[in-house]
Amino acid sequence: MRTAYTADQIRAAEHTLMATLPPGTLMQRAAAGLAAACAALLGKVYGSRVVLLVGSGDNGGDALWAGERLARRGARVAAVLAGAKTHEAGLAAFLRAGGRVAERDALGTADLVVDGLVGIGASGALREPYAGLAEEANAGRAPVVAVDVPSGVDASTGRVEGAAVRARLTVTMGALKTGLLVDPGAARTGRVELVDIGLGPHLPGPDVAALTDGDVAGLLPRPGNESDKYRRGVLGVLAGSDLYTGAAVLAVGGALRAGAGMVRYAGPAEPVAQVRAAWPEAVITPLDRPSIEDVGRVQAWVLGPGLGTGDWAHELAAQVLGTHLPVLVDADGLSVVAGDRSLLRRSAPTLITPHAGELARLIRAGREDIEAARLEHARAAAAELGVTVLLKGSTTVVAEESRPVRVNPTGTSWLATGGTGDVLSGVAGALLAQGLGPYDAGSCAAYLHGLAGRLAADGAPLAAADVATAVPAAVRALTART
Ligand SMILES: NC(=O)C1=CN([C@@H]2O[C@H](COP(=O)(O)OP(=O)(O)OC[C@H]3O[C@@H](n4cnc5c(N)ncnc54)[C@H](OP(=O)(O)O)[C@@H]3O)[C@@H](O)[C@H]2O)[C@@H](O)CC1
Ligand SMILES: Nc1ncnc2c1ncn2[C@@H]1O[C@H](COP(=O)(O)OP(=O)(O)O)[C@@H](O)[C@H]1O
Ligand SMILES: [K+]
């Protein structure tokens, strides 16, 4: 598990650790790691041109002390001082080592730029001259190494208001910051390297967590010797309508590929014909009225993709959410519950899988506000609705009350195509049916779906059905790597 923390959490841990150490020790540890990472990126240190963007706080101090180390190894290091004040000891050591203070035009000839403008002490959008320097660094040819966080990215949330550095590499001190894992901030970090400064024992419980291959491999249910199709977990899928048939086919496909012992599909004539043709493995109940009575026993339900939003869908939603089984609500199912939130008041686990627009309708917020602050809104929705929330998008997050938000590290923007969400609902539903709780089912499904998306795309466009097809390969890949 990779864990990440807010700026306040980091600051508190640093405070405790610093009290046990001689002054300056942490900054020296940070600078040593930063200088080593810069040297590795440069390849050849001697004679290379490094430009430091130095803000007024300790983030600038880190940059200056790392610049000092690089200068001692023969790099030509220039510091552009952006703040009204500068870390005094860092600047003095930097100058002693042969570093020089320069104007911003030094950026034009840099081989490497070190962004030490602001770190966890930043507040609000970058002000001038910081904002202009960040943009100039982004426009240049030299790779940018961000110190702790790319300046302009909110370390605690990943929010970006205004200009922000776009780094090739972010060297972060002590522990990951939440903003490095969540878009739009995560899109600015490049590769993230963690420098151990001894903070570990002083950190509290994490703000967010990201699963790894090993975590997912450990959580995924596997059939044992004694397994049969019923014991592995049966999923019921209520999806599709005569108008929208594809959603049913894709959701059932995702579920079958994600290890359900059996998938029972129930729906009207058109999607029944399509699902039957695509998936002979599914057990099908044609519905001429909205009732789950004849569907047979299941261990979990998926409700919603392509279902429509009229009386038919409302009736099915009321019945399924009235059971004591885990239910995943997606797509049209979310529109139905947005119109009648009392349907979500139940004691069995409920996992909802909205994209930003669907969550906006559910919690009466603005879509753009949700996209800019995914974590906060997913958390707020989980608390307000009393359900587990998987918020889809460029960074998928899974929020459940009193637990760190799980931030999904896999995926590719090739997944931004119609129908991939339907596949995800099938995958997550299958994991619920196999006995995972909604928090693990949601976060493992997002992980597998993102990995399957990467395998299916492999640098080129994909269709949603390809993602379902690639789910077994994703399971194999992550198992092989652990
Ligand atoms: N503590 C430790 O033990 C260790 C800390 N470490 C390092 O210290 C970093 C934290 O340092 P920090 O606390 O000095 O804050 P920091 O991020 O440099 O910036 C604060 C200054 O920036 C300014 N400013 C703020 N917002 C702004 C804006 N929007 N636009 C423009 N300017 C803005 C504001 O200055 P002002 O404008 O008030 O002059 C404020 O005072 C941390 O990220 C890590 O790199 C490591 O060495 C490990 C050990
Ligand atoms: N820019 C992106 N980067 C990565 N994944 C994305 C991006 N945009 C969308 N996705 C993923 O693609 C899927 C789209 O789901 P959804 O919006 O429900 O589409 P649909 O309703 O057409 O199935 C989600 O899993 C989402 O996380
Ligand atoms: K920075």
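Mentor: Here is a walk through the annotated site, then the ligand shells and the domains. Keep in mind that the model is predicted.

Start with the record. An unreviewed UniProt entry carries the annotation "binding site" for Asn 59, Asp 115 and Ser 151. These positions spread over 93 residues of sequence. In space they cluster, with a largest C-alpha distance of 9.7 Å.

Take Asp 115. It sits in strand β5, residues 112-116. Is Asp 115 buried or exposed? Asp 115 has 34 C-beta neighbours inside 10 Å, and the cut-off for buried is 20 or more, so Asp 115 counts as buried. Leave aside neighbours within four places in sequence, and Asp 115 still contacts a list of residues that includes Leu 53, Ala 137, Pro 150 and Val 165. Val 144, Val 145, Ala 146 and Val 147 are also among its contacts. Strand β6 spans 144-147. Ser 151 is another contact of Asp 115.

Now Ser 151. Its place is the loop between β6 (144-147) and β7 (169-173). Ser 151 has 29 other C-beta atoms within 10 Å, so it is buried too.

Of the 29 residues around ligand 1, Gly 57, Asp 58, Asn 59, Gly 119 and Gly 121 come nearest. Helices α1 (7-18), α2 (25-42) and α3 (58-72) each give two or more residues to that shell. The largest share, four residues, comes from α3. By type, the shell around ligand 1 has 14 nonpolar, ten polar and five charged residues.

Ligand 2 has its own shell. It holds 18 residues, and Lys 392, Ser 394, Leu 415, Ala 416 and Gly 421 come nearest. Helix α15, residues 420-433, gives the most, with four residues. This shell divides into four nonpolar, twelve polar and two charged residues.

Last, the domains. The assignment gives domain 1 as 2-208 and domain 2 as 213-480. Their centres, taken over C-alpha atoms, are 40 Å apart. The contact takes ten residues from domain 1 and eleven from domain 2. On the domain 1 side, five are nonpolar, two polar and three charged.

Definitions and conventions: Residues are numbered from 1 along each chain as its sequence is written. Chains are lettered from A and ligands numbered from 1 in the order in which they are written. This is a predicted model: local features need pLDDT of at least 70, side-chain atom pairs count only at pLDDT 80 or more; totals for chains, interfaces and linings use all residues. UniProt positions are given in the numbering used here, feature names are shortened, and annotations may be inferred rather than shown by experiment. A residue is buried if 20 or more other C-beta atoms lie within 10 Å of its own, exposed if 12 or fewer, and partly exposed in between; C-beta atoms are placed from the backbone. Two residues are in contact if their C-beta atoms, placed from the backbone, lie within 7 Å. Domain bounds come from an automatic or database domain assignment. Ala, Val, Leu, Ile, Met, Phe, Trp, Tyr, Cys and Pro count as nonpolar, Asp, Glu, Lys and Arg as charged, and the others, Gly among them, as polar. A residue is near a molecule or strand if its C-beta atom, placed from the backbone, lies within 6 Å of it.
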